[in-house]
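Here is a short note to read with the model open beside you. Please take the points in order and look for each residue as you go.

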Amino acid sequence: MEETWSNVDAYFSSKLHGADPDLDYVLKANSKAGLPSIDVSPSQGKFLYLLTKLKGAKHILEIGTLGGYSSIWMARALPEDGRLITLEYSQKHADVARENIRKAGLDHKIEVLVGPALESLPTLKEKGFSSFEFIFIDADKPNNPNYLKWALMLSKPGTVIIGDNVVRDGKVVDGNSQDSSVQGSRVLMDLLANEPRIEATAMQTVGSKGYDGFVFGIVKE
């Protein structure tokens, strides 16, 4: 089935995305630098772009940069004076991302902050970013519950919050799993289920990245 999922992804990309030298460069640069191949797929990247555009976001927060692939997708939907802040733990990954972002001509819209996200998040308000209209969580999964708490603190009514990789090949239903990433997804779901400030749902996905999914929420007015 995974071969079929990948073929369908490739078909959709060929029909709906077209050639994209900047994003092709990012994936090649990431591979050359030895970064893990865990970027969102092209279809998922464009989905993030369209959601950002639909929201009309001017300020985006991304938790987990890797090589900047998803950062570039979302920043393309920003207005000229828009800003995307992306948090990356690894200095190596951040260096690759900054070069990819520069190559894509978006370094005036994207700022990469290096260090543990839970140390960077408390500094955002003093940097002038008190709230965001769109927040994408795609970092270390055991910390997803902590990232959600910060996302809510940095939100305002109507903010869109998306958390990636929450299905974990279906393992999210296993309450006895010893996998910390699975448990991170489960605690995240428990928090969302009991959080009155946000309306949320989750979607399963298949494609070139296998069987996974994302959680999608909107902060209440």
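1. The lining of the largest cavity is made of 10 nonpolar residues, three polar ones and no charged ones. Nonpolar here covers Ala, Val, Leu, Ile, Met, Phe, Trp, Tyr, Cys and Pro; charged covers Asp, Glu, Lys and Arg; the others, Gly among them, are polar.

2. A word on the source: this is a predicted model, where local features need pLDDT of at least 70, side-chain atom pairs count only at pLDDT 80 or more, and totals for chains, interfaces and linings use all residues. Residues are numbered from 1 along each chain as its sequence is written, and side-chain values use heavy atoms, with hydrogens and water left out.

3. Which residues lie nearest the centre of the largest cavity? They are Leu148, Ile161, Leu188, Leu192 and Val215, out of 13 lining residues. A cavity is a set of points on a 1 Å grid over the protein atoms alone where a 1.4 Å probe fits but cannot get out, and lining residues have an atom within 4 Å of a point. The space inside is about 70 Å³.

4. Now find the largest nonpolar core, with 28 residues, in which Phe134 and Ile162 have the most contacts. Such a core joins buried Ala, Val, Leu, Ile, Met, Phe, Trp, Tyr and Cys residues through side-chain atoms within 4.5 Å, buried meaning under 20% relative accessible area with a 1.4 Å probe, protein chains only.

5. Another core, of 26 residues, lies apart from that one and includes Ile63, Phe129, Val166 and Leu192.

Note on methods: On a 1 Å grid over the protein atoms alone, a cavity is a set of points where a 1.4 Å probe fits but cannot get out, and a pocket is an open set with protein on both sides within 12 Å along at least five of seven lines; lining residues have an atom within 4 Å of a point. Grid points are joined across faces, edges and corners, and a volume is the space filled by probe spheres set on the points. Buried means under 20% relative accessible area, exposed over 50%, partly exposed in between (1.4 Å probe, protein chains only).
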